[in-house]
Amino acid sequence: MSKKTKVDPRIKRTNKYLRDALVELLKEKDVTSITIQEITEKAELTRGTFYLHYQDKQDFLMQSMNEVLEELIEKVKPKQNNEDSAAVEENDESVSFLKLFEFIYDHADYFKVMLSDRGLPQFRSHMTEIVKRRVYGELISSIGEAEDGLDIPKDILISYITSAHIGVICSWLESDMKFSPAFMAEKLTSLTLLGPMRVAGLENKIKLPY
């Protein structure tokens with residue numbers, strides 16, 4: 001099994017300074033109008049240092065995005081263990097949701113600006129794909145196995161679940177995270193497994209339009 005190349009702590013520190021500078025600038029202006037000079041000045045680094053790590057601004061933006069989302073994947077993916085598989089599977093989803101919200105909470109400034117109109121246009125779609133494949137992988141896998149028994153096409157169901165979850169994350173960030181990561185994880189697990197109408201207590205109260 002191949003091991004990941006260990007990144008020099010100094011390089012990680014430099015990348016973090018640049019990323020933090022980008023976040024601060026995105027609070028004031030659109031990503032397209034931010035220059036490398038502004039990023040390096042905000043980070044208190046030289047342009048030479050920037051070009052040691054990145055070819056240009058687009059390279060920096062894409063690498064930074066991929067680094068954060070890769071960290072997200074590492075945070076939420078299930079850990080290998082020897083516990084009873086049935087017991088582990090029962091909690092996998094809620095644990096993954098909790099880790100997801102905890103990670104976003106810890107990097108709230110970054111996610112808030114990148115998911116806004118000022119951020120990188122590709123970020124939301126890239127994050128959606130990451131969440132779909134890596135965060136909700138077990139759920140989607142189980143859907144695939146039971147596909148013959150579905151009342152609607154699997155692709156529609158997966159798109160609905162993923163889009164709804166990204167929407168909930170964006171709404172949570174916009175509200176300045178007034179609910180804890182644990183609260184959000186618990187409610188999102190219930191919404192996913194039981195459906196919004198049932199969780200909200202509206203299952204027998206809503207009159208269908210037909």
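## Contacts of I169 and the nonpolar core

In this predicted model, I169 touches L100, F101, I104, L115 and M127, leaving aside residues up to four places away in sequence. I169 belongs to the largest nonpolar core, a set of 46 residues in which F111, F123, M127 and I169 touch the most other members. At least two residues of this core come from each of helix 1 (9–26), helix 2 (36–43), helix 4 (57–76), helix 5 (85–106), helix 6 (108–114), helix 7 (121–135), helix 9 (154–174) and helix 10 (181–194). Helix 4 supplies the largest share, eight residues.

## Helix 10

Helix 10 has 14 residues, and at 1.5 Å a residue these should span 20 Å; the C-alpha atoms at its ends are 20 Å apart, in agreement with that expectation. Its buried residues are P181, M184, A185, L188, T189 and T192. Viewed down the axis of helix 10, these buried residues fall within an arc of 130° and therefore line one face of the helix. Just after helix 10, G195 adopts a positive phi of about 95°.

## Salt bridges

Seven salt bridges are found in a search of the whole structure. One of them joins R19 and E71, whose closest N and O atoms are 4.0 Å apart. Because R19 lies in helix 1 and E71 in helix 4, the pair ties together parts that are 52 residues apart in sequence. R19 is buried, with a relative accessible area of 11%, whereas E71, at 33% relative accessibility, counts as partly exposed. R19 and E71 are also linked with E67 in a network of salt bridges.

K112 forms a salt bridge with D176, with 2.7 Å between the closest N and O atoms. K112 lies in helix 6 and D176 in the loop between helix 9 and helix 10, so this pair ties together parts that are 64 residues apart in sequence. K112 counts as partly exposed at 36% relative accessibility, while D176 counts as exposed at 54%. A further salt bridge connects the side chains of E38 and K29 (2.8 Å, N to O). Both count as partly exposed: E38 has a relative accessibility of 25% and K29 one of 24%.

## Confidence of the model

The mean pLDDT of the protein is 81, and 75% of its residues reach 70 or more. Among the elements of the protein, helix 2 has the highest mean pLDDT (96) and helix 8 (residues 137–145) the lowest (64). Over residues 82–90, pLDDT stays under 50, and the model has two contacts beyond four places in sequence for this stretch.

Technical notes. Residues numbered from 1 in each chain as written. Predicted model: local features only at pLDDT ≥ 70, side-chain atom pairs only at ≥ 80, totals over all residues. Heavy atoms only, no water. Core = buried A, V, L, I, M, F, W, Y, C linked by side-chain atoms within 4.5 Å. Buried < 20%, exposed > 50% of the residue type's maximum accessible area, 1.4 Å probe, protein only. Helix = DSSP H or I, 4+ residues; strand = E, 2+ residues; numbered from the N terminus. Contact = heavy atoms within 4.5 Å. Expected span 1.5 Å × (residues − 1). Arc of directions from axis to C-beta. pLDDT = per-residue confidence, 0-100.
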